[in-house]
Amino acid sequence: MRAVQISRLDGPDAVEVVDLDEPDGAGAVVVEVHAAGVAFPDALQSRGLYQHKAPLPFVPGAEAAGVVRSAPAGAPVQPGDRVAALTLLTGGMAQVIALPAEQVFPLPDTVSFEAGAGLLFNDLTVHFALAERGRLAAGQTVLVHGAAGGIGTSTLRLAPALGASRVIAVVSTEDKAEIARAAGATDVVLADGFKDAVAELTGGRGVDIVLDPVGGDRVTDSLRSLAPGGRLLVVGFTGGDIPTVKVNRLLLNNIDVVGVGWGAWAMAHPGYLAQQWAALQPLLASGAVPTPQPDVYPLERAADAIAALENRTAKGKVVLRLRD
């Protein structure tokens, strides 16, 4: 089978497409992969900068979509089923993967393989962030940083279906503003000066939730942009710097800074992934949550796809097509 492989930690330029043996799949669900998602941890792993250090060489990729080739008795999917699948960290960028049944999910017929490969990592993270950690209530306002990226566009798609009445997108450039609007943003503001823009949009009240996968120097102004009782959801640090918070700011408006570690939560709560998919699948099947429109790269350009996450040129979710 063809697969993406990282054999040295020199960044995306070291990413190769190679021939590997297929997994034997004993006792697992075997999936013929049509598309695989690309995420920021893949870029970090290509340089050995992610908290989990996969032994070299390894196949990157946390999510995939394709068709079940075989499944053990009692599995919730059967041969021939269209599915999305989570490897959870590595192994997804290969034409055949073998996974535990609890990490494979039926994919609605209305969702393409490319869209399905771009769903799980971001949508389940955002669902956990807003519904579980953020306590999003009907009628509240959500602001999301990095709104043209994978987590950002997922937030713009999901937040209205989970109850938000307004979703404000923060982007770095005008061309990314169009991506955010297409994904469902109510309002779009530029990162430079976003605090004042948000104050004007909300009549000085602020927002109920800030979802932040960027970090860096935006955190202080994010806290200042929260309404009383608001929550800053810390999802990641694609900006590079891990910020510090002066906790006296939390007292002023009774605001929260909340960590969002979806993977750690899912691993500590058996059945949680299935619970999340049971909530999201009907929303996707009905169109209440629109499917993502990913930026699709051919397998041969895997290095470029991963580099797009590192250099922050990615527009929306990035996906690799592994089969025609």
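This is a predicted model: local features need pLDDT of at least 70, side-chain atom pairs count only at pLDDT 80 or more; totals for chains, interfaces and linings use all residues.

Q: OK, at what angle do helix 3 and helix 4 pack, and how far apart are their axes?

A: Helix 3, which covers residues 120-133, and helix 4, which covers residues 150-158, pack at an angle of about 60°, and their axes are 9 Å apart. That angle makes helix 3 oblique to helix 4.

Q: Which residues of helix 3 and helix 4 meet there?

A: From helix 3 there are Asn122, Asp123, Thr125, Val126 and His127, and these meet Gly150, Ile151, Ser154, Thr155, Arg157 and Leu158 of helix 4.

Q: Switching to rings, how many aromatic pairs does the structure hold?

A: The structure holds four aromatic pairs. One of them joins Phe121 and Trp262, whose ring centres are 5.8 Å apart and whose planes stand at 90°, so this pair is edge-to-face.

Q: And where do Phe121 and Trp262 lie?

A: Phe121 lies in helix 3, while Trp262 belongs to helix 9 (residues 262-268), so the pair ties together parts that are 141 residues apart in sequence.

Q: Now the sheet with six strands: what is the strand order?

A: The order is 10-9-8-11-12-13 in an open sheet, and the pairing is parallel. Strand 10 (187-190) and strand 13 (256-259) stand at the edges with a single partner strand each, so one side of each is left without a neighbour in the sheet. From one strand to the next, the twist averages 20°.

Q: How many bridges pair strand 8 with strand 11?

A: Strand 8 (residues 141-144) pairs with strand 11 (residues 207-212) over three bridges, in the parallel sense, and Val142 stands opposite Ile209 of strand 11.

Q: Which strands does helix 6 lie across?

A: Helix 6 (residues 194-201) lies across strand 8, strand 9 (166-171), strand 10 and strand 11, and it runs at about 150° to strand 10.

Q: Last topic, the backbone: is the peptide bond from Leu56 to Pro57 cis or trans?

A: That peptide bond is cis, with omega near -15°, and Pro57 is found in the loop between helix 1 (40-45) and strand 4 (63-70).

Q: And what about the phi of Leu88?

A: Leu88 has a positive phi of about 80° although it is not a glycine, and Leu88 is found in the loop between strand 5 (82-86) and strand 6 (96-99).

Key
Residues are numbered from 1 along each chain as its sequence is written. Side-chain values use heavy atoms; hydrogens and water are left out. Two strands pair if DSSP finds at least two bridges between them. Helices (H or I, at least four residues) and strands (E, at least two) are DSSP runs, numbered from the N terminus. Axes are lines fitted to C-alpha atoms, for helices over the stretch in contact, and angles run from 0 to 180 degrees between N-to-C directions. Contact means heavy atoms within 4.5 Å. Angles under 35 degrees count as roughly parallel, over 145 as roughly antiparallel, 65 to 115 as roughly perpendicular and the rest as oblique. Rings of Phe, Tyr and Trp (its six-membered ring) pair if their centres lie within 6.5 Å; planes under 30 degrees apart count as stacked, over 60 as edge-to-face and the rest as tilted.
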